[in-house]
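Biologist: I have a structure open here and would like to go through it with you. Can we start?
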Amino acid sequence: MTRLIETSAPTRQKRRFFLRRGPMETIATVLIGLGFLMLFQPFLLVLYTYSLVTLLAGTVMFIIVSKFPE
């Protein structure tokens, strides 16, 4: 009985924060939303100029990160 108590269950390998799907998908979704807001704001031309770059970066990041393990 003591042998069963002393042996621990196999532990899962913990991955780094940046190599997990959940947090990176959240960051990519925020980038897409930010690019969308930058595209439709009427005040600053600089934000409008970089909105397409932000949208594309978020979309490409989301496509890549969706292949990461859970």
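Biologist: Does serine 51 count as buried or exposed?

Modeller: Serine 51 counts as buried, because its relative accessibility is 1%. Buried means under 20% relative accessible area, exposed means over 50%, and partly exposed is in between (1.4 Å probe, protein chains only). This is a predicted model, where local features need pLDDT of at least 70, side-chain atom pairs count only at pLDDT 80 or more, and totals for chains, interfaces and linings use all residues. Residues are numbered from 1 along each chain as its sequence is written, and side-chain values use heavy atoms, with hydrogens and water left out.

Biologist: Where does serine 51 lie, and what does it touch?

Modeller: Serine 51 lies in helix α3. Helices (H or I, at least four residues) and strands (E, at least two) are DSSP runs, numbered from the N terminus. Not counting residues up to four places away in sequence, serine 51 touches Gly35, Met38 and Leu39. Contact means heavy atoms within 4.5 Å.

Biologist: And threonine 54, is that buried or exposed?

Modeller: Threonine 54 counts as buried, because its relative accessibility is 13%. Threonine 54 has its place in helix α3. Leaving aside neighbours within four places in sequence, threonine 54 is in contact with Leu31, Gly35 and Met38.

Biologist: At what angle do α2 and α3 pack?

Modeller: Helix α2 (residues 21-40) and helix α3 (residues 45-65) pack at about 155 degrees, with their axes 7 Å apart. That makes α2 roughly antiparallel to α3. Axes are lines fitted to C-alpha atoms, for helices over the stretch in contact, and angles run from 0 to 180 degrees between N-to-C directions. Angles under 35 degrees count as roughly parallel, over 145 as roughly antiparallel, 65 to 115 as roughly perpendicular and the rest as oblique.

Biologist: Which residues make the contact?

Modeller: Among them are Gly35, Met38 and Leu39 of α2, and Ser51 and Thr54 of α3. By class, the contact of α2 with α3 has 15 nonpolar, 6 polar and 2 charged residues. Ala, Val, Leu, Ile, Met, Phe, Trp, Tyr, Cys and Pro count as nonpolar, Asp, Glu, Lys and Arg as charged, and the others, Gly among them, as polar.

Biologist: Now the whole protein. How many helices and strands?

Modeller: The protein has 3 helices and 0 strands. From the N terminus on, the elements run α-α-α.

Biologist: What share of the residues counts as buried?

Modeller: Of the 70 residues of the protein, 17% count as buried.
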